[in-house]
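Dear colleague,

I am passing on the structure below, together with some notes on what turned up when I went through it. Please read them with the sequence and the coordinates open beside you.

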Amino acid sequence: MEEESTLKLETSASKVPWIETDLEVLVIDPLGRESIWPITRASMQIGSAANPRPNDIILDGPAAADRQAVLQVRNQNVMFLNFDQSNPAKKGGRGITYCEFLPGEEIQVGGYRLKLQKHVPSAASLVGYSHPYRGRRWLLRSGVNMVGRPGKRDNQIVLEERTVSRTHATLTGEGDHYLLHNETDPSATFINGHPVKTDAELKDGDLIQLGAQILRFCPGKKPAQGMETRYCTVLFADIWNYDKLTESGAMDQFVRQAADFYEMVARVVEEHDGVLATYLGDAVVALFEKETSAADTALELFVHLDQMNKLWEDAALPSLQVGIGVHTGDIVVGDLSLRGRSEFAAVGEQANLAAEIEGYTRQKRVRILISETTARAVESTHSLKSRGTVALEGGRLEVFELGAKP
């Protein structure tokens, strides 16, 4: 049976497609603690972590129902629907059941305050990668940020997970400089797979493991430059067996392997004049000015990955299974340069096609699939084999398996 793409997560009842928005929900709990949830799906269910069908936005504590409400996104318009009338919702002091939710507005429900806002990447944060906090973003305030399970102290970052200590760690700093201080057994705290005995300085993109929870450190960023449309090539690389590996129990080993993989990808992308645009938990997005550079990068990534997997297998460690999708088109990007290592935003239908194409690599049993748009530009320099047409958002498109020129 084919594994599902780990990017296309299941929401409450059915698979809801990933969408690109600059909107997010700031949740303030009854104790004043803040967390941020990016809006990445057309339908996002809100409720407690106790719901048997995992919610997309988690409201910690007993004040929220298992299935409290849902946000629906249509053409960048967000609608709020409150399910549980025992926890009535209010906006502007008036009771509501169904209403439009506009940026800048606040809705109160079950003791929580929900604020819709546009994302401005200016504050340092932690991003959750593990259930039930996958996709959640915690803002780091200047000074001390305490992390742990509820119980002994008023943690600013609360992780309802039995493998996390009630006084697990603190993150101290401001701007893009933070220090992690481990307050529990070193066997329960890792950065990029390495145990943290006392203190460790955090770097951009570090993977932090606290018990069974994985989080990524994102330092404060300057606001993105104005968005513009550029004709370029998107490479989308996805770890197929991400969920299986994170659920296997050997979390410290997997985090170290994932960190090594991300570091290798960043190096290869930069060597081919690309930009590492963003991480999506189990996936990496890169942008290229030249189609041939993207194709060469895709092929070289597997050369290095095969070497890494061989070393891991010799050490009795699991291998990483990866698929790559490549597409060329008019991409809306948030930077004026396609050089060096910088923070990028890549949005729009054309940007999403690379991820959709990658989703067919498992079905077609190939490692790399590229769109016919990219294929036309590399047919004289690379080996191509048609794999038929696939259904993508907006229609069907022929895809090609990519290989090196004999």
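This is a predicted model: local features need pLDDT of at least 70, side-chain atom pairs count only at pLDDT 80 or more; totals for chains, interfaces and linings use all residues.

The strands β3 and β5 (residues 69-74) pair in the antiparallel sense over four bridges, whereas β3 and strand β4 (residues 57-58) run parallel and are joined by two bridges, with Ile-57 in β4 as the bridge partner of Ile-46. Because four of the five residues of β3 (residues 43-47) are buried, this strand is largely enclosed by the rest of the structure.

Asn-82, which lies in strand β6 (residues 77-82), is buried, with a relative accessible area of 2%. The side chain of Asn-82 reaches two backbone oxygens, that of Asp-84 at 3.3 Å and that of Asn-87 at 3.1 Å. Leaving aside neighbours within four places in sequence, the residues in contact with Asn-82 include Gln-68, Ala-69, Pro-88, Ile-96 and Val-109.

As for the nonpolar cores, the largest has 43 residues, and those with the most contacts inside it are Leu-235, Phe-261, Val-322 and Ile-324. Helix α2 (residues 251-271) contributes the largest share of this core, 11 residues. Apart from it lies another core, of 25 residues, among them Ile-46, Ala-69, Leu-71 and Phe-80. Returning to Leu-235, its contacts beyond four places in sequence include Val-284, Phe-288, Leu-301 and Ile-324.

With best wishes

Conventions:
Residues are numbered from 1 along each chain as its sequence is written. Side-chain values use heavy atoms; hydrogens and water are left out. Buried means under 20% relative accessible area, exposed over 50%, partly exposed in between (1.4 Å probe, protein chains only). A polar contact is a pair of N or O atoms within 3.5 Å; within protein, one must be able to donate a hydrogen and the other to accept it, and residues adjacent in sequence count only if both atoms are side-chain atoms. Contact means heavy atoms within 4.5 Å. A nonpolar core is a set of buried Ala, Val, Leu, Ile, Met, Phe, Trp, Tyr and Cys residues joined through side-chain atoms within 4.5 Å. Two strands pair if DSSP finds at least two bridges between them.
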